[in-house]
Amino acid sequence: MPAGPACPRARFLNELQASTPSPWTNVRLDAFTYGFAREFLQQRKPRVLYLALGETDDFAHDGDYYQYLNAAHRSDSFLADLWRTLQSIPAYKDNTNLVITVDHGRGRTPGAWPHHASRRAVLSYFDNLGEFRETGVEGASETWIAALGPDIRAAGELAGGVTLYLDQVAATSLLLLGENPEAFARTYSTEIGKPITRIIASDVQVSR
């Protein structure tokens, strides 16, 4: 992370990251990712922050269930700390929404949890997943979404209704920012899903 004179913590994290052993060569440990994100949040006060944690996926691919669970618990603690941090900053306090989701599921059977792949992906480039060649990893396409904040309808856990898709997360986030998802899609010539309006408070205002 670029660290100027006002960011001694970021400089420290850069130095610590460089000297900390990691199980992998191409991904950063989540503690550093969250540390950098938290520092950026406090120093720069962005309107939008995108945070991607990856240890659950990496440990799952390694087949290390113990570390997979530990990583999930750490992710929970990072999210709790993020919310406390937001509530401690006047510009964000009671004025910020969190949208939390995952990019894929982990399958439905005891032997599937280290993997995620459709049948097409297994046949194309996951040829080492021979046991899943016929069906792919069933259930890996099933995900979840959680949201909290002043613009989120307090409805508890929801199930049933129409099927929701990951391409609706961006549209939902835009709506929570007061933006028009359809106008965004036209401006940037991109496709986008429909907002998940059932989780958004009815008084959210959208720009035209």
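1. Order of elements. In this predicted model, the protein chain runs through the pattern α-α-α-α-β-α-β-α-α when read along the sequence. The secondary structure amounts to seven helices and two strands.

2. Dimensions and burial. The C-alpha trace of the protein chain spans about 50 × 50 × 35 Å along its principal axes. The protein chain has 208 residues, and 33% of them count as buried.

3. Contacts along the chain. Taking contacts between residues at least 6 apart in sequence, 60% join residues that are at least 24 apart.

4. Surface and charge. The accessible surface of the protein chain is about 13,300 Å², and carbon and sulfur atoms account for 52% of this area. As for charge, there are 20 positive and 24 negative side chains in the protein chain. The centres of these two sets lie 7 Å apart.

5. The largest pocket. Rolling a probe the size of a water molecule over the atoms shows where empty space is left. In this model, the largest pocket has a volume of about 1,800 Å³. Its lining consists of 45 residues. Nearest the centre of the largest pocket lie Tyr50, Leu51, Val99, Ile100 and Thr101.

6. Elements that line the pocket. Four elements each supply at least two residues of the lining of the largest pocket: helix H3 (55-61), helix H4 (65-88), strand E1 (98-101) and helix H6 (167-176). Helix H4 provides the largest share of that lining, with eight residues.

7. Backbone at Lys45. A reader inspecting the backbone may wish to look at Lys45, which has a positive phi of about 50° although this residue is not a glycine. Lys45 belongs to the loop between helix H2 (30-44) and H3.

8. Backbone at Asp94. Asp94 is likewise not a glycine and has a positive phi, here of about 55°. Its place is the loop between H4 and E1. Is Asp94 buried or exposed? Asp94 is exposed, because its relative accessible area is 52% and exposed means over 50%.

9. Points to locate in the structure. The residues nearest the centre of the largest pocket include Tyr50 and Val99. Helix H4, which supplies eight residues of the lining of the largest pocket, spans residues 65-88. The loop between H4 and E1 holds Asp94, while the loop between H2 and H3 holds Lys45.

Note on methods. Residues numbered from 1 in each chain as written. Predicted model: local features only at pLDDT ≥ 70, side-chain atom pairs only at ≥ 80, totals over all residues. Heavy atoms only, no water. Buried < 20%, exposed > 50% of the residue type's maximum accessible area, 1.4 Å probe, protein only. Contact = heavy atoms within 4.5 Å. Areas by Shrake-Rupley, 256 points an atom, 1.4 Å probe, with all protein chains shown as cover. Lys, Arg positive; Asp, Glu negative; His and termini not counted. Charge placed at Lys NZ, Arg CZ, Asp CG, Glu CD. 1 Å grid on protein atoms, 1.4 Å probe; cavity = no way out; pocket = protein on both sides within 12 Å on 5 of 7 lines; lining within 4 Å. Points joined across faces, edges and corners; volume = space filled by probe spheres on them.
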